[in-house]
Amino acid sequence: MVNIILLGPPGSGKGTQAALLSGKLNAPHISTGDILRRAAGTELGSRAAEYMNRGELVPDSVMIEMIRDRFSQADCAKAFILDGYPRTIPQADALADILTGLDRRLDLVLNIEVPDAELITRLSARRVCECGATYHLIFNPPENEGVCDRCGKRLYQRDDDLEESIKNRLSVYKKQTQPLIDYYGNMGTLVTVDGSGSIEQIADEICAAAKS
Ligand code: ADP
Ligand code: ADP
Ligand code: ZN
């Protein structure tokens, strides 16, 4: 089962788990946040950065076009692990249309639950790499300080991982994204996992759900 969505608040570990799962299941890791960050310098990138830095969502029309385009690429023909999409009901409806058009279906939506206080601790010491790898200064440090294990580039702190923006992102999640838990719950594709254990424990749990 590799048509998978990872759902959960910012900091719940979606990116970390998606990268692990992508390696284990040989499925592309599609992070809309990474796609937007890589667009820095283009018109799309600078328009999106205004929303991102405030901790707001980028408009649905932009995101839906982006995901439609991503699904037209060959590597998603058999499998995908979506991280950070959908974040609203219209985005979920659009994904359903895309999948129907391709005669595919969603296998699994993993809802990762973590208490708010822990999310803030995680996000405020997160460090990321351009290549999509994610670290934490204390919980998941790179082997060499400030340098990516996977590609050797310098790590950086995201502009939206500052306190004001983090708080806004958590409230935006509750208002706009949390309704997707019922949306997918009603479709019968939702599995909730406790995201507060160690990275390895959660990875095992997610892998078991994906293989069942
Ligand atoms: P998301 O993509 O959901 O925003 P990330 O995967 O970027 O979440 O994780 C947020 C931060 O928490 C990162 O710094 C990451 O290294 C760290 N992290 C991820 N999973 C865990 C975990 N199980 N325990 C402790 N820290 C974690
Ligand atoms: P995190 O994993 O910390 O929640 P992401 O990297 O997934 O962050 O997303 C960073 C920012 O990019 C979001 O706060 C939002 O502004 C924008 N973004 C990413 N994906 C979407 C989406 N599906 N819909 C709207 N905005 C998005
Ligand atoms: Zn890297």
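1. Helix H2 (residues 32-38) contributes the most to the shell around ligand 2, with 4 residues. Helices (H or I, at least four residues) and strands (E, at least two) are DSSP runs, numbered from the N terminus. This is a predicted model: local features need pLDDT of at least 70 and side-chain atom pairs pLDDT 80 or more, while totals for chains, interfaces and linings use all residues. Residues are numbered from 1 along each chain as its sequence is written, chains are lettered from A and ligands numbered from 1 in the order in which they are written, and side-chain values use heavy atoms, without hydrogens and water.

2. The shell of ligand 2 holds 19 residues, the closest being Thr 32, Glu 56, Arg 87, Arg 126 and Arg 169. A residue is near a molecule if one of its heavy atoms lies within 4 Å of it. By class there are 7 nonpolar, 4 polar and 8 charged residues around ligand 2. Here Ala, Val, Leu, Ile, Met, Phe, Trp, Tyr, Cys and Pro count as nonpolar, Asp, Glu, Lys and Arg as charged, and the others, Gly among them, as polar.

3. Ligand 2 has polar contacts (pairs of N or O atoms within 3.5 Å). A polar side-chain atom of Thr 32 is 2.8 Å from a nitrogen atom of ligand 2. Oxygen atoms of ligand 2 lie 2.9 Å from an N or O atom in the side chain of Arg 37 and 3.0 Å from a polar side-chain atom of Arg 158. The protein buries 97% of the 560 Å² that ligand 2 exposes when taken alone; accessible areas come from the Shrake-Rupley method with a 1.4 Å probe.

4. A polar backbone atom of Tyr 135 is 2.7 Å from an oxygen atom of ligand 1. On its own ligand 1 has 560 Å² of accessible area, of which the protein covers 93%.

5. The zinc ion (ligand 3) is coordinated by the SG atoms of Cys 129, Cys 131, Cys 148 and Cys 151, at 2.2 to 2.4 Å. Donors are N, O and S atoms within 2.8 Å of the metal (3.2 Å for Na, K and Ca); water is not among the atoms, so sites may look incomplete. The 4 donor atoms subtend angles of 97 to 114°, which makes the arrangement tetrahedral (four donors, all angles between 85 and 135 degrees).

Note on methods: Four donors count as tetrahedral if all angles lie between 85 and 135 degrees; four count as square planar and six as octahedral if opposite donors are over 155 degrees apart and all others between 65 and 115; anything else is irregular. A polar contact is a pair of N or O atoms within 3.5 Å; within protein, one must be able to donate a hydrogen and the other to accept it, and residues adjacent in sequence count only if both atoms are side-chain atoms.
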